[in-house]
Structures are given as C-alpha cells and as structure tokens.
Amino acid sequence: MTLLQTYKGLSPKARLGVGFGLLAWGLVGLQLSDKAEEKLGYTPTEQDRVELDKMIPKIHSVSREKPSSSLPSQ
C-alpha cells in the first residue's frame, strides 16, 4: 500500500488531524529555525549579504518601438 492510499483510507477526522499535525510541525520548525541559527552561529554577516546582492539577477527594461503586425497586408 502506498502512502497516498493509506492516507485516503483514513477517516475524514483522522485526515484533518494529520493535516493539522503537519501544519503544526511546519510552524514549530519556522519558529525554532531562527533561534537554532543564532545559537549555532549561522547568522549571515554583512559581507554575506553583499555577496548575495551581487548574485541576484538585475532586470532592466528596454523600450522599443510599437510592434507592427506580423501578418502581411492583403
């Protein structure tokens, strides 16, 4: 039995419980990850931020003339 089949075999209340459990797991992870980064010394330095800004692609708009119709006139 696959995991999806097992999930579909659960009662609606059990599926709701699994869903809320996964949401809670994600929220706890989001809350604790910042604190863990600080304790383990993984917070980015100003130099890291500058290097990251250099890697971000820059988007430049180019103005051009109004496009002409691609169909030949008859």
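Predicted model: local features only at pLDDT ≥ 70, side-chain atom pairs only at ≥ 80, totals over all residues.

Guide: Tyr-7 is found in helix 1, which spans residues 3-8. The protein has three helices and zero strands, so in order from the N terminus the elements read α-α-α by the DSSP assignment.

Next, the neighbours. Leaving aside residues up to four places away in sequence, Tyr-7 touches Arg-15 and Val-18. Arg-15 lies over the face of the Tyr-7 ring, 5.8 Å from the ring centre. A charge counts as sitting over a ring when it is within 6 Å of the centre and within 35 degrees of the ring normal. As for Val-18, this residue is 11 residues from Tyr-7 along the chain, and the C-alpha atoms of the two are separated by 8.9 Å. Pairs between aromatic rings can be set aside, as the count comes to zero.

Together with Leu-4, Leu-10, Val-18 and Leu-22, Tyr-7 makes a nonpolar surface patch of about 440 Å². Helix 1 and helix 2, the latter covering residues 12-40, each supply at least two residues of this patch. One member, Leu-22, lies in helix 2. With a relative accessible area of 59%, Leu-22 is over the 50% cut-off and therefore counts as exposed.

Finally, the whole protein. Of its 74 residues, 0% count as buried. The accessible surface comes to about 7,800 Å², and 62% of that belongs to carbon and sulfur atoms.

Notes:
Residues numbered from 1 in each chain as written. Heavy atoms only, no water. Helix = DSSP H or I, 4+ residues; strand = E, 2+ residues; numbered from the N terminus. Buried < 20%, exposed > 50% of the residue type's maximum accessible area, 1.4 Å probe, protein only. Areas by Shrake-Rupley, 256 points an atom, 1.4 Å probe, with all protein chains shown as cover. Patch = residues over 30% accessible without salt bridge, like charges linked within 9 Å, V, L, I, M, F, W, Y side chains within 5 Å. Salt bridge = Lys/Arg side-chain N within 4 Å of Asp/Glu carboxyl O. Phe/Tyr/Trp six-rings, centres within 6.5 Å; stacked < 30°, edge-to-face > 60°. Contact = heavy atoms within 4.5 Å.
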